[in-house]
Amino acid sequence: IYTMTATYYRKGQSSEHVVLPAADMDFASQVETALDNNQFYMVYQPQIDFETGKLKGVEALVRWRHPTKGIISPDKFIRVAELTGLIVPLGNWVMRTACAEAAKWNNDPVLGNIELAVNVSAHQLKSGTLVDDILQILEETGLAPQRLVVELTESAFVQDDGQNASMMHQLKDAGIKLAIDDFGTGYSCLSYLRDIPGDYLKIDRSFVMELPGHDKAEAVIQAIVSLGKSLGYRIIAEGVETEAQSTFVKAIGVDIVQGFLYSRPLEAEALQDWAAENLPATIPH
Ligand code: C2E
Ligand code: MG
Ligand code: MG
Ligand code: MG
């Protein structure tokens, strides 16, 4: 309930006016402090390619190490960051940190040529500088654009006057890949699928959770896979937790899997240990 209204201004840089309840206001200023005080850190969740049995890439996920509340998940703070515009500096921090960490793996036998998927909020597209910001970060960190995947949810494609699509083409032209995240949960206006230059379609965890044995969930997921594949996308299933789910999604043609069955999201160092233990070295080419 909005008991109190106030306007939140990002210190010294924003003219953004948003009305937030008092509790969110307090939270927003904590997010800003957290950014200034280095309380955020990244974890990386492996994605396995069924075809090769190898690591295809990792998804970078942000965490907040709060001084008194412990570790806070992004579901709790991304929304407020979006409402206040703090998502722009936070998103830049995420992109820079993840690219810098991934570039450090350049000479690692297993992690050396994997892809790094980074979540980008539709609000970051509105800032207008997203493409330039990303290109500059790649240049500064030394990560090849071919190794970066930008994950966007359906809202970025559906509520678009053409500007988002144009940015996606710019990313594509630079060699960066594009994934549609949480597919099936949003507006599912399907026409954008054929117009945007997407590489990956990620089936949302809520569908995978009901597998196997739930006829309707199976039918939906099968339809998504065949639609996506016929449009040239590679299909990723997220939230795979059991062998039965893995077997099922493999059988219907999913290309790549991500989920607790393989690994939880790990800090960079733990990811290197995990890869060394669980995966054969990638054949150099
Ligand atoms: P997402 O992009 O769909 O990320 C997948 C989420 O599913 C992650 O939650 C991951 O930890 C979780 N997950 C993966 N496998 C399993 C599984 O087998 N079982 C279960 N129960 N969960 C699994 P997380 O890290 O809490 O992130 C939640 C959402 O917050 C993300 O959903 C994404 O939308 C957003 N997010 C996370 N990091 C960032 C970021 O750096 N920037 C932005 N803009 N959004 C982010
Ligand atoms: Mg994602
Ligand atoms: Mg997702
Ligand atoms: Mg999700």
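Predicted model: local features only at pLDDT ≥ 70, side-chain atom pairs only at ≥ 80, totals over all residues.
Lys-202 is buried, at 0% relative accessibility.

One partner of Lys-202 is Glu-151: their side chains form a salt bridge with an N to O distance of 2.8 Å. The two residues belong to distant parts of the chain, Glu-151 to strand S5 (residues 148-153) and Lys-202 to strand S7 (residues 200-203), 51 residues apart. Glu-151 is also buried, because its relative accessible area is 2% and the cut-off for burial is under 20%.

Lys-202 forms a further salt bridge with Glu-238, where the closest N and O atoms are 3.5 Å apart. This pair again links distant parts of the chain, for Glu-238 lies in strand S8 (residues 234-238), 36 residues from Lys-202 in strand S7. Glu-238 counts as buried at 10% relative accessibility. Through shared partners, salt bridges join Glu-59, Glu-151, Lys-202 and Glu-238 into one network.

The structure holds twelve salt bridges. Among them is the one between the side chains of Arg-96 and Glu-140, at 2.6 Å from N to O. Arg-96 is part of helix H3 (residues 87-104) and Glu-140 part of helix H5 (residues 130-141), so this pair ties together parts that are 44 residues apart in sequence. Arg-96 counts as partly exposed, with 37% relative accessibility, and Glu-140 likewise counts as partly exposed, at 47%. Whereas Arg-96 is partly exposed, Lys-202 is buried.

Key. Residues numbered from 1 in each chain as written. Chains lettered and ligands numbered in written order. Heavy atoms only, no water. Salt bridge = Lys/Arg side-chain N within 4 Å of Asp/Glu carboxyl O. Helix = DSSP H or I, 4+ residues; strand = E, 2+ residues; numbered from the N terminus. Buried < 20%, exposed > 50% of the residue type's maximum accessible area, 1.4 Å probe, protein only.
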